[in-house]
Amino acid sequence: MKIRLISGSCYIALLAGFFCLKIFLPYGDFYFDALIYAFALLGTFEILRATKEKTTKAGRGIVYAFSALTIPACALGEYFKGWGFTVIGVAVLALSVLLLSLLVVKHEETSLESLGMAFLSAVYPSVLLALMVIANHAVAPKALEKFAFDSRLLILLVFVVSPCADSIAYVFGRFLRKYFPKKMTPVISPNKTVIGGIGGLVGGMLGAAALYFIYNATAGSFDQMYIWLPVYLAIGLVGAVATAFGDLVESCIKRKLGLKDMGNIMPGHGGALDRLDSALYSTIIAYLAFVIIGLVV
């Protein structure tokens, strides 16, 4: 428990440090891009190591190249032209063509299973982290400028809601499971309980509420609280659902591969993917909320 607490604290300090670089330094968004890039490279290494017996050397090389090139290209494309999604689309198309070409170029050693595992290793985590890069460069529409609903808030929503949901889910599960022992997903993740899941929803909303008051106090605006506080709570609730789902996806992948953890870079937590699984899916919710609110307001 002590080791888990220490490594978790180091992870939070790392995120906080790079977030400070993002908001206080010129071109600060690129510093946070560098952190996302590091996560992508580490995550790709972990999943390719886990799938080594099911992928080919050529396939792994293509996936490494995809991971190494996609995040920087997405960051530059989004910053200069707003072409982040276009870059992702082109990168995935190139990835698909190259992997399929292995059926001809490396016919004897390439199977459909190896292609599928290589594609999974590219999409998870690099494509999902590319979306985080796009969120990291989001600019608030004029109607939302006074509410500071921009990339800073999107990153905070991801890295506040998810840990709060995870933490409160753990507390509820640990201390209340003897009274409410019903399993949530007994096959995929036997340790998860329904009461823990409820705790995650509570934690997500508490994290979002705390973020609303702290962030808006810093921005100096509590205008239309009766609208925006419920919006934050809704994002926290749905983000908590995404957090739990992302954790289950990771658990399912590990179970299929016969692994307990994807890595050991964070003692007590596992690898980079074990720590990022929730954030990958909560990024989707935070960014979709940003887009929807921008269209409605």
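Residues are termed buried under 20% relative accessible area, exposed over 50% and partly exposed in between (1.4 Å probe, protein chains only). The structure is a predicted model, in which local features need pLDDT of at least 70 and side-chain atom pairs count only at pLDDT 80 or more, while totals for chains, interfaces and linings use all residues. Residues are numbered from 1 along each chain as its sequence is written, and side-chain values use heavy atoms, with hydrogens and water left out.

Across the whole structure, 13 aromatic pairs were found (rings of Phe, Tyr and Trp, the last by its six-membered ring, with centres within 6.5 Å; stacked if the planes are under 30 degrees apart, edge-to-face if over 60, tilted for the rest). The pair of F85 and Y287 is tilted, because the ring centres lie 5.8 Å apart and the planes meet at 55 degrees. F85 belongs to helix α4 (residues 84-105) and Y287 to helix α9 (residues 272-296), so this contact ties together parts 202 residues apart in sequence. Helices here are DSSP runs of H or I with at least four residues, numbered from the N terminus. F85 is partly exposed, at 46% relative accessible area, whereas Y287 is buried, at 14%.

The rings of F149 and F290 form a stacked pair, with centres 6.1 Å apart and planes at 20 degrees. F149 is located in the loop between α5 (112-136) and α6 (151-176), and F290 in helix α9, so parts 141 residues apart in sequence are tied together. Both residues are buried: F149 has a relative accessible area of 1%, and F290 one of 9%.

How values were computed. Helix = DSSP H or I, 4+ residues; strand = E, 2+ residues; numbered from the N terminus.
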